[in-house]
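The sequence and the model are shown first, and the description follows.

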Amino acid sequence: MRWMGMTVAAVLLLSGCSRITQENYDKLELGMSKADVEAVIGRADDCSGSMGTETCVWGTDQRQIKVGFAADRAMLFTHKGL
């Protein structure tokens with residue numbers, strides 16, 4: 001039971017420290033490299049790509065930032081729930 005309480009406390013603590021915020025979204029700029037974007041909002045939760053493009057998503061279906069890259073440069077930004 002104690003382990004469950006510590007797990008719940010850790011999840012609540014980490015969710016309060018989310019980097020998926022409007023403030024961080026506003027720091028993103030066209031032409032940033034993926035590494036530059038990750039420096040602002042952390043490692044992506046999911047990425048997929050083909051033919052020199054990549055789309056990465058940070059966050060959940062309810063609260064997310066999505067960035068489209070071409071040749072490792074940010075070309076498109078969208079967000080939901082910020």
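Which residue does a disulfide join to Cys 47? The partner of Cys 47 is Cys 56, and the S to S distance is 2.1 Å. The model examined here is a predicted one.

## The disulfide

The count of disulfides comes to one. A disulfide is a covalent bond between the sulfur atoms of two cysteines. The torsion about the S-S bond of Cys 47 and Cys 56 is about 115 degrees, and the disulfide is therefore right-handed.

The two cysteines may also be described by their accessibility. Cys 47 has a relative accessible area of 29%, so this residue is partly exposed. Cys 56 counts as buried because its relative accessibility is 0%. The cut-off that applies is that buried means under 20% relative accessible area.

## Overall organisation

The chain contains three helices and four strands. Read from the N terminus, these elements follow the pattern α-α-α-β-β-β-β.

Of the 82 residues in the chain, 27% are buried. Among the contacts between residues at least 6 apart in sequence, 32% join residues that are at least 24 apart.

## The sheet

The four strands form an open sheet in the order E1-E2-E3-E4, with antiparallel pairing. Strand E1 (46–50) and strand E4 (73–80) are the edge strands, each pairing on one side only. From one strand to the next, the twist averages 15 degrees. Helix H3 (residues 34–41) packs on this sheet, where it touches E1, E2 and strand E3 (64–70). The direction of helix H3 makes about 5 degrees with that of E2.

Five bridges pair E1 with strand E2 (residues 53–59) in the antiparallel sense. Gly 49 has Glu 54 in E2 as its bridge partner. E3 and E4 also run antiparallel, and they are joined by seven bridges. Here Gln 64 has Lys 80 in E4 as its bridge partner. The hairpin of E3 and E4 has two residues between the strands, and Ala 71 in this hairpin takes a positive phi near 55 degrees. In a regular strand, the side chains alternate between the two faces of the sheet.

## A salt bridge between helix and sheet

How many salt bridges does the count come to? The count comes to one salt bridge. It is formed by Glu 54 and Lys 34, whose closest N and O atoms are 3.3 Å apart. This pair links distant parts of the chain, with Glu 54 in strand E2 and Lys 34 in helix H3, 20 residues apart.

Is Lys 34 buried or exposed? Lys 34 has a relative accessible area of 19% and is therefore buried. Glu 54, at 27% relative accessibility, counts as partly exposed.

Asn 24 is found in helix H2 (residues 22–25). Its relative accessible area is 12%, so Asn 24 is buried. Beyond its neighbours within four places in sequence, Asn 24 is in contact with Arg 19, Val 40 and Ile 41.

Tyr 25 also lies in helix H2. Not counting residues up to four places away in sequence, Tyr 25 touches Ile 65, Phe 77, Thr 78, His 79 and Leu 82. Between the C-alpha atoms of Tyr 25 and Gln 64 the distance in space is 9.8 Å, while the two residues are 39 residues apart in sequence.

A pair of aromatic rings is described by the distance of the centres and the angle of the planes. The structure holds one aromatic pair. This pair consists of Tyr 25 and Phe 77, with 6.5 Å from centre to centre and 85 degrees between the planes, and its arrangement is edge-to-face. The pair links distant parts of the chain: Tyr 25 belongs to helix H2 and Phe 77 to strand E4, 52 residues apart. Tyr 25 counts as buried because its relative accessibility is 15%. Phe 77 is buried, with a relative accessible area of 17%.

Technical notes: Residues are numbered from 1 along each chain as its sequence is written. This is a predicted model: local features need pLDDT of at least 70, side-chain atom pairs count only at pLDDT 80 or more; totals for chains, interfaces and linings use all residues. Side-chain values use heavy atoms; hydrogens and water are left out. Two strands pair if DSSP finds at least two bridges between them. Axes are lines fitted to C-alpha atoms, for helices over the stretch in contact, and angles run from 0 to 180 degrees between N-to-C directions. Contact means heavy atoms within 4.5 Å. A disulfide is a pair of cysteine sulfur atoms within 2.5 Å. Buried means under 20% relative accessible area, exposed over 50%, partly exposed in between (1.4 Å probe, protein chains only). Rings of Phe, Tyr and Trp (its six-membered ring) pair if their centres lie within 6.5 Å; planes under 30 degrees apart count as stacked, over 60 as edge-to-face and the rest as tilted. A salt bridge is a side-chain nitrogen of Lys or Arg within 4 Å of a carboxyl oxygen of Asp or Glu.
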